[in-house]
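The questions below go through a protein model one feature at a time.

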Amino acid sequence: MIKSKITIASLLFVVFSFVESSAQEIVPRIAGLGDNKTYMNLLRSDEQIRQKTDSLMGVLRQVRADVTKSAEARDSLSLGRTDSLMVVLSMAEDAVYELRAKKVKLIDEINTIEQNFVLSSMGNIGNAASAEGSKSLYNNDYFKKSLDGDIYPQLMAVHAKEAQANKSVQTYVSNYKRIKSLYDTYLLEQDEAAAEKIYAEMAEAMAENLIVERQLADVWSEIYDQKSYAYSYFLEKENRLDLLELLEGMMADARQEKLSAIDNCVSESLADYCLQKPIALNYEMYVAKLLNLPLAIDSLSTAARQVRSIDYRMPLLDVERRSFVDYEPIEFSSRSPYNASNPIPDNVVYEYGTIYRILVGTFKYKQQVSLFRGASPLYVEKLEDGRFSYYVGGLQTRSEAESAVEIMKKRGFRNPQVVEWVDGIMTNLSEVGDGERVTYRISITKGALDDVVREVISTMTDDCQISRLAEDSFLVSSFANRALAERVAQAISKCNEALVVEVQEVKPEPESEEEE
């Protein structure tokens with residue numbers, strides 16, 4: 001445990017030492033600012049922070065993987081190791097957040113220099129007849145008349161969707177923070193019921209973010225494309241090719257930034273918004289400057305700072321559902337380990353995971369341990385009708401269970417049977433075939449399935465099929481357990497509240513008996 005802590009601490013030290021000593025050629029983002037020493041030093045500091053952050057993100061991924069591995073073991077040594085790793089994880093995350101705060105401040109200073117440099121050399125359109133008191137360029141008559149055809153109405157239509165995009169971003173970031181906080185607690189929880197409750201909360205937030213991310217991708221793509229086109233059209237009409245070239249450079253930088261951050265990018269849609277929104281605002285600031293709208297420029301500058309405070313380079317969370325199943329091989333001894341002071345324990349039913357036990361008998365009354373020929377581990381379950389079922393073992397695979405049945409028969413058990421539990425649902429495999437199991441499906445009516453709903457279904461399920469029954473009626477099948485079907489159904493409902501979504505149980509059809 002101590003060795004692990006020292007190793008991680010040493011790794012953090014190496015990260016910082018390496019980045020500080022690494023040299024990086026810095027190119028000014030705005031031609032003409034290469035001789036500005038303050039500006040160039042800010043760019044160098046920004047690059048150093050980027051490298052430090054990326055390296056620390058790699059450390060975070062490694063530590064999180066170690067935490068997950070230790071949490072799965074669930075022994076006392078692993079618990080101690082997990083506690084130590086969580087301390088290191090917290091320290092590394094604090095370092096990342098501190099670097100990000102510095103980066104936001106640096107970017108603000110860099111952008112202020114760039115904006116002042118560009119805007120100071122632009123001048124105004126002499127015949128624009130602008131109202132200097134306006135905070136919006138959209139009400140400017142000159143601007144409206146410059147956008148021919150349907151360009152202005154289309155621009156206003158997408159501008160009205162900005163609030164929707166912003167809400168999606170805020171929801172996604174808020175859900176991410178909630179998921180991360182829950183996940184850290186989830187990894188340390190040792191009680192299965194409590195852990196499953198936490199996982200259900202995480203699953204709900206993850207499902208919502210899946211929807212929000214897809215919705216953000218659609219709405220922001222439309223906004224950015226239409227705004228870029230409209231502003232480019234205006235600047236080209238005003239023969240400001242210098243500004244168009246500058247903005248093209250910004251777009252290229254944004255694409256490169258996204259590529260460099262791909263390993264630490266929590267959401268591609270969020271990254272597109274955070275990288276492209278400032279470009280759209282720069283477009284608007286340049287147009288506002290040409291139209292002599294100083295109040296609009298101030299408002300847009302404030303909006304740009306708010307966007308830069310949103311961080312899409314967040315630690316990726318590989319949230320895997322934990323299994324608390326304890327597998328135990330079947331053993332035989334000349335003397336049973338069970339007695340009056342150590343009675344046969346109640347059968348353990350796990351909420352998540354798969355386990356196989358061997359049913360050795362069901363009786364009206366509780367039985368003496370001598371009946372079970374020294375087999376262990378034993379478990380007893382009281383049925384609804386008052387009878388008692390006895391099981392032995394806790395096996396991981398069906399083949400192990402079937403082999404155990406043969407051994408049990410040789411030991412004198414008359415009718416040992418393989419019983420399987422999957423996510424808390426029991427099936428006696430010796431009595432029913434694989435084709436006789438209960439499955440689940442989702443019925444969707446009162447509407448069509450758009451691309452968002454279809455993508456949510458495909459992302460949340462591995463091999464479920466969507467069948468169209470009618471114009472507004474669909475089936476999604478099949479699910480091995482109700483819990484997953486319920487989660488998918490809930491996500492579908494959130495995508496489109498107009499849809500009627502219902503989880504249905506599908507029982508196997510009984511085989512028809514041939515008449516003699």
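Q: Which residue lies over the face of Tyr-186?
A: This is a predicted model. A charge counts as sitting over a ring if CZ of Arg is within 6 Å of the ring centre and within 35 degrees of the ring normal. The distance from the centre of the Tyr-186 ring is 5.7 Å, and the residue over its face is Arg-322.

Q: At what distance from the ring centre of Tyr-379 does Arg-357 lie?
A: Arg-357 is placed over the face of the Tyr-379 ring. Its distance from the ring centre is 4.3 Å.

Q: How many aromatic pairs does the model have?
A: A pair of aromatic rings is described by the distance of the centres and the angle of the planes. Rings pair if their centres lie within 6.5 Å. Counted by this rule, the aromatic pairs come to 12.

Q: Which residues form one aromatic cluster with Tyr-142?
A: The cluster holds both Tyr and Phe residues. Besides Tyr-142, its members are Phe-143, Tyr-231, Phe-234 and Tyr-283.

Q: Are helix 6 and helix 7 roughly parallel or roughly antiparallel to each other?
A: Helix 6 covers residues 162-188, and its axis is 8 Å from that of helix 7. The two pack at an angle of about 155°, in a left-handed crossing. Their contact has 19 nonpolar, six polar and seven charged residues. Angles over 145 degrees count as roughly antiparallel, so helix 6 and helix 7 are roughly antiparallel.

Q: Why are helix 7 and helix 12 described as oblique to each other?
A: Helix 7 (residues 192-237) and helix 12 (residues 451-460) have axes 10 Å apart. Their packing angle is about 140°. An angle has to be over 145 degrees to count as roughly antiparallel, and 65 to 115 counts as roughly perpendicular. The angle of about 140° therefore makes this pair oblique.

Q: Which residues of helix 12 meet helix 7?
A: On the helix 7 side, the contact is made by Ala-207, Leu-210, Ile-211, Arg-214, Gln-215 and Asp-218. By class, the contact has six nonpolar, two polar and four charged residues.

Q: Is the crossing of helix 8 and helix 9 left-handed or right-handed?
A: The axes of helix 8 and helix 9 (residues 268-290) come within 10 Å and cross at roughly 165°. That makes helix 8 roughly antiparallel to helix 9. Their contact has 11 nonpolar, one polar and four charged residues. The crossing is right-handed.

Q: What is the phi of Asn-239?
A: Most residues other than glycine have a negative phi. Asn-239 lies in the loop between helix 7 and helix 8. This residue is not glycine, yet its phi is positive, near 60°.

Q: Where is Pro-377 found?
A: Most peptide bonds are trans. Ser-376 and Pro-377, however, are joined by a cis peptide bond, with omega about 0°. Pro-377 is in the loop between strand 3 (375-376) and strand 4 (378-382).

Q: What is the omega of the cis peptide bond that joins Ser-477 and Ser-478?
A: Ser-478 belongs to strand 10, which covers residues 473-479. The bond that joins Ser-477 to Ser-478 is cis, and its omega is about -10°.

Definitions and conventions. Residues are numbered from 1 along each chain as its sequence is written. This is a predicted model: local features need pLDDT of at least 70, side-chain atom pairs count only at pLDDT 80 or more; totals for chains, interfaces and linings use all residues. Side-chain values use heavy atoms; hydrogens and water are left out. Rings of Phe, Tyr and Trp (its six-membered ring) pair if their centres lie within 6.5 Å; planes under 30 degrees apart count as stacked, over 60 as edge-to-face and the rest as tilted. Axes are lines fitted to C-alpha atoms, for helices over the stretch in contact, and angles run from 0 to 180 degrees between N-to-C directions. Helices (H or I, at least four residues) and strands (E, at least two) are DSSP runs, numbered from the N terminus. Angles under 35 degrees count as roughly parallel, over 145 as roughly antiparallel, 65 to 115 as roughly perpendicular and the rest as oblique. Contact means heavy atoms within 4.5 Å. Ala, Val, Leu, Ile, Met, Phe, Trp, Tyr, Cys and Pro count as nonpolar, Asp, Glu, Lys and Arg as charged, and the others, Gly among them, as polar. A crossing is left-handed if the near helix is turned anticlockwise from the far one by less than a right angle, and right-handed if clockwise.
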